[in-house]
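Subject: Structure handover

Hello,

Here is the structure I promised to pass on. Please open it beside this note, and the findings follow below.

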Amino acid sequence: MKDGGPYLSALERFPRVAIGHLPTLVEAMPNLGQELGLSLFVKRDDCTGIGFGGNKVRQLEYYLGAAQNVQVLSERFQLRRAGRPRSV
C-alpha cells in the first residue's frame with residue numbers, strides 16, 4: 001500500500017503474522033462500468049491466497065500476532081477462532 005495514512009500507521013503497533021497475499025489487486029471493470037456510466041473498480045479479496053479471503057484473513061493475521069505474545073502453559077495449547085464462512 002503506497003499511502004495508508006493514519007489508519008495504517010495505527011495498525012502497525014499491533015503484532016501481525018502475514019499469512020495472506022496482501023495487498024490484493026484493485027481491478028478495473030470497464031464493461032460493467034461503461035454499462036452503468038461510471039468508472040468501476042473492484043478490490044480482489046478473493047486473491048488473498050486462502051480459500052475464504054477478505055477481511056477474515058486480515059483479521060486472522062492480527063489474532064495470530066497477538067497469540068504469539070501469550071504464554072503457552074502446556075503443549076496442548078490451541079488457538080481457535082470461529083466465524084461465518086461467508087459474508088452475507
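In which helix is leucine 8 found? Leucine 8 sits in helix α1. Before more on that residue, here is the overall picture.

**Overview**

This is a predicted model. Its mean pLDDT is 82. Of its residues, 82% reach 70 or more. Confidence is lowest in helix α1, residues 5–11, with a mean of 83. It is highest in helix α2, residues 30–36, at 97. A word of caution applies: where pLDDT is low, the predicted coordinates should not be read in detail.

The protein has 3 helices and 2 strands. Read from the N terminus, the order is α-β-α-β-α. The protein has 88 residues, and 12% of them count as buried. Its accessible surface is about 7,700 Å². Carbon and sulfur atoms hold 55% of that surface.

**The patch at leucine 8**

Back to helix α1, where leucine 8 is found. Leucine 8 is partly exposed, because its relative accessibility is 30%. Together with Leu11 and Phe14, Leu8 makes a nonpolar surface patch. The patch covers about 240 Å².

**The salt bridges**

How many salt bridges does the structure hold? The structure holds 5. Three of the pairs are described here.

Start with aspartate 45. Its side chain meets that of lysine 43 in a salt bridge, at 3.8 Å from N to O. Aspartate 45 also forms a salt bridge with arginine 58, and here the closest N and O atoms are 2.9 Å apart. Aspartate 45 lies in the loop between β2 (41–43) and α3 (55–67), while arginine 58 lies in helix α3, so this pair ties together parts that are 13 residues apart in sequence.

How open are these side chains? Aspartate 45 is partly exposed, at 23% relative accessibility. Lysine 43 is partly exposed as well, at 44%. Arginine 58 also counts as partly exposed, at 22%.

Next comes the pair of aspartate 46 and arginine 44. Their side chains meet in a salt bridge of 2.8 Å, N to O. Aspartate 46 is exposed, with a relative accessible area of 53%. Arginine 44 is partly exposed, with 23%. Both belong to a network of salt bridges that links Glu27, Arg44 and Asp46.

**Threonine 24**

Which side chains make polar contacts with threonine 24? One is lysine 43, at 2.5 Å. Another is aspartate 45, at 3.0 Å. Lysine 43 and aspartate 45 also form a salt bridge with each other.

Threonine 24 is in the loop between α1 and β1. It is buried, because its relative accessible area is 8% and the cut-off for buried is under 20%. Neighbours within four places in sequence aside, threonine 24 is in contact with Lys43, Arg44, Asp45, Cys47, Thr48 and Arg58.

**Proline 23**

Proline 23 is placed in the loop between α1 and β1. What kind of peptide bond joins leucine 22 and proline 23? The bond is cis, with omega at about -5 degrees. For background, most peptide bonds are trans.

Threonine 48 is located in the loop between β2 and α3. Is threonine 48 buried or exposed? Threonine 48 is buried, at 0% relative accessibility. Apart from neighbours within four places in sequence, it is in contact with Gly20, His21, Leu22, Thr24, Gly53, Gly54 and Val57.

Glycine 20 lies in the loop between α1 and β1 (26–28). Glycine 20 counts as buried too, at 17% relative accessibility. Not counting residues up to four places away, it touches Thr48, Val57 and Glu61. How far apart in sequence are glycine 20 and valine 57? They are 37 residues apart in sequence. In space, their C-alpha atoms are 6.3 Å apart.

**Where to look**

Then turn to threonine 48, which has Gly20 and Thr24 among its contacts.

Best wishes

Note on methods:
Residues are numbered from 1 along each chain as its sequence is written. This is a predicted model: local features need pLDDT of at least 70, side-chain atom pairs count only at pLDDT 80 or more; totals for chains, interfaces and linings use all residues. Side-chain values use heavy atoms; hydrogens and water are left out. Helices (H or I, at least four residues) and strands (E, at least two) are DSSP runs, numbered from the N terminus. Buried means under 20% relative accessible area, exposed over 50%, partly exposed in between (1.4 Å probe, protein chains only). Accessible areas come from the Shrake-Rupley method with a 1.4 Å probe; for residues, only the protein chains shown count as cover. pLDDT is the predictor's confidence in each residue, from 0 to 100. Patches are made of residues with over 30% relative accessible area and no salt bridge: like charges are joined within 9 Å, nonpolar side chains (Val, Leu, Ile, Met, Phe, Trp, Tyr) within 5 Å. A salt bridge is a side-chain nitrogen of Lys or Arg within 4 Å of a carboxyl oxygen of Asp or Glu. Contact means heavy atoms within 4.5 Å. A polar contact is a pair of N or O atoms within 3.5 Å; within protein, one must be able to donate a hydrogen and the other to accept it, and residues adjacent in sequence count only if both atoms are side-chain atoms.
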